[in-house]
Amino acid sequence: MNSTSRPNAFPDSGTPPHDPGAQGPDPTDEPWRRRARLTVLLSAASGIVLLAIAAVLAWSWRADLPDPVASHWGTGGSPDGFSSLGSLLATTSLVGLGCVVLFSAIGLFSGRAASTLRITAASTVWICGLLAILIAGSLAGQRGLTDAHQARGMDGVLLLALLAPLVPAVLAALLIPADRRQPATGAVPASAPRVSLGASTRAVWLRRTSGGPGLLVSIAGVLVIVVASIITRMPVLLALAALLALLFATMFAFRVTVDSAGIEIRSALGWPRTRIGAAEVERAEAIHVSPFRDFGGWGWRVNHSGRTGIVLRSGPGLLVEQSGGRSLVVTIEDAEEGAALLNTMAARARA
């Protein structure tokens with residue numbers, strides 16, 4: 001912590017640390033639920049429309065398609081799996097609808113924060129767009145063929161399916177408004193740890209957190225895809241590896257800043273990021289985090305109670321309880337120091 005005065009030792013809060021998976025206040029009429037329902041409705045409808053357009057278009061081609069159609073391509077780029085058109089459309093649509101249901105459930109039950117809703121909305125639109133392009137692209141290349149064995153490779157279609165849906169997915173995320181400001185109504189609890197600062201003393205706490213088992217698993221996964229691309233002679237897999245590498249780069253390195261404005265957590269690439277104003281902080285404290293027990297894994301997560309987690313490893317974490325029943329956890333060293341300064345700034349914001 002950089003400051004014009006040296007903070008005193010951090011006092012013991014006198015209370016046991018909160019369980020990072022604990023359920024916060026959950027009134028059924030909270031405003032976040034209305035926003036979550038609207039977001040889920042629009043993103044699910046968008047995804048289903050994309051799937052429906054692809055299915056209707058493919059069905060309109062049925063007189064021009066071989067029977068059965070190619071439904072799977074092997075390592076050499078030639079089709080090695082076949083099915084009826086109806087079976088292909090039904091299977092792909094069910095997979096898409098299953099993903100819509102999954103992301104919709106996360107949004108409905110855990111979408112307290114705008115970041116959660118943005119991720120679920122973007123994921124819904126992206127995966128439905130990917131499946132829609134795979135349906136239409138794979139069948140468009142079979143129109144006019146009498147034998148599906150003659151179908152050409154899918155490299156171009158796969159690349160388009162991976163990249164093109166990113167545009168509407170990003171748009172879906174950007175359309176979701178940021179969390180509205182909800183200043184806390186009560187005082188910071190007296191038991192919350194603090195630092196001793198003069199009324200006009202400025203202070204900032206900066207830390208970086210990166211790596212962890214999740215990063216190692218992600219790197220291994222990317223390397224497996226690269227090797228598979230070389231073995232199977234499918235260059236499109238390199239595009240998938242690059243896309244995943246970019247995604248993982250946004251999830252496993254963050255900078256955490258606590259100052260008079262509150263707390264900001266920003267990915268090393270600048271996005272994603274989240275910011276909690278000092279006036280909205282109800283309490284901050286250090287806790288112990290178990291990634292799988294508390295959040296089901298590593299990365300930018302949300303648990304069943306709607307708590308957001310930026311979880312890179314087991315160990316110390318900074319828990320920030322916010323107004324509106326929201327809360328956030330980030331795994332980081334020296335969490336006690338960051339929590340104490342954040343409580344101090346939250347109390348100062350109420351003065």
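# A guided tour of the predicted model

Residues are numbered from 1 along each chain as its sequence is written, and side-chain values use heavy atoms, with hydrogens and water left out.

Taken along the principal axes, the box filled by the C-alpha atoms is roughly 80 × 45 × 30 Å. Of the 351 residues of the protein, 47% count as buried, a term that stands for under 20% relative accessible area, with exposed meaning over 50% and partly exposed in between (1.4 Å probe, protein chains only). If you display the surface, the accessible area comes to about 17000 Å², of which 65% belongs to carbon and sulfur atoms; such areas come from the Shrake-Rupley method with a 1.4 Å probe, and for residues only the protein chains shown count as cover.

**The core**

Next, select V256, I263, I265, L318, V320, L341 and L342, which are the residues with the most contacts inside the largest nonpolar core, a set of 31 residues. A nonpolar core is a set of buried Ala, Val, Leu, Ile, Met, Phe, Trp, Tyr and Cys residues joined through side-chain atoms within 4.5 Å. The elements that give two or more residues to this core include β4 (203-210), β6 (262-267), β8 (281-289) and β11 (315-322). Which element gives the most to this core? That element is α9, with seven residues. Now centre on V256 and show its surroundings: leaving aside residues up to four places away in sequence, V256 touches W205, L206, R207, I263, E264, I265, V330 and I332.

**Aromatic pairs**

A search of the whole structure finds three aromatic pairs; rings of Phe, Tyr and Trp (its six-membered ring) pair if their centres lie within 6.5 Å, and planes under 30 degrees apart count as stacked, over 60 as edge-to-face and the rest as tilted. Select F254 and W300, which form a tilted pair, 6.0 Å centre to centre and with 50° between the planes. This pair links distant parts of the chain, since F254 is in strand β5 (residues 253-259) and W300 in strand β9 (residues 299-302), 46 residues apart. Both F254 and W300 are buried. Then move to F292 and W298, an edge-to-face pair at 5.0 Å centre to centre, with 80° between the planes. Here F292 counts as exposed at 53% relative accessibility, whereas W298 is partly exposed, with a relative accessible area of 23%.

**Salt bridges**

How many salt bridges does a search of the whole structure find? The search finds ten, a salt bridge being a side-chain nitrogen of Lys or Arg within 4 Å of a carboxyl oxygen of Asp or Glu. Select D179 and R35, whose closest N and O atoms are 2.6 Å apart in a salt bridge. D179 lies in the loop between α5 (166-174) and β4 and R35 in helix α1, so the pair ties together parts that are 144 residues apart in sequence. D179 is partly exposed, at 30% relative accessibility, while R35 is buried, at 19%.

Select R326 and E280 next, a salt bridge in which the closest N and O atoms are 3.0 Å apart. R326 is in the loop between β11 and β12 and E280 in the loop between β7 (273-277) and β8, 46 residues apart. R326 is buried, with a relative accessible area of 6%, and E280 is buried as well, at 9%.

**The end of the chain**

Finish with A351, which lies in the segment after α9 and counts as exposed at 91% relative accessibility. Drawing a distance from A351 to A279 gives 10.0 Å, C-alpha to C-alpha, for two residues 72 apart in sequence.

Definitions and conventions. This is a predicted model: local features need pLDDT of at least 70, side-chain atom pairs count only at pLDDT 80 or more; totals for chains, interfaces and linings use all residues. Helices (H or I, at least four residues) and strands (E, at least two) are DSSP runs, numbered from the N terminus. Contact means heavy atoms within 4.5 Å.
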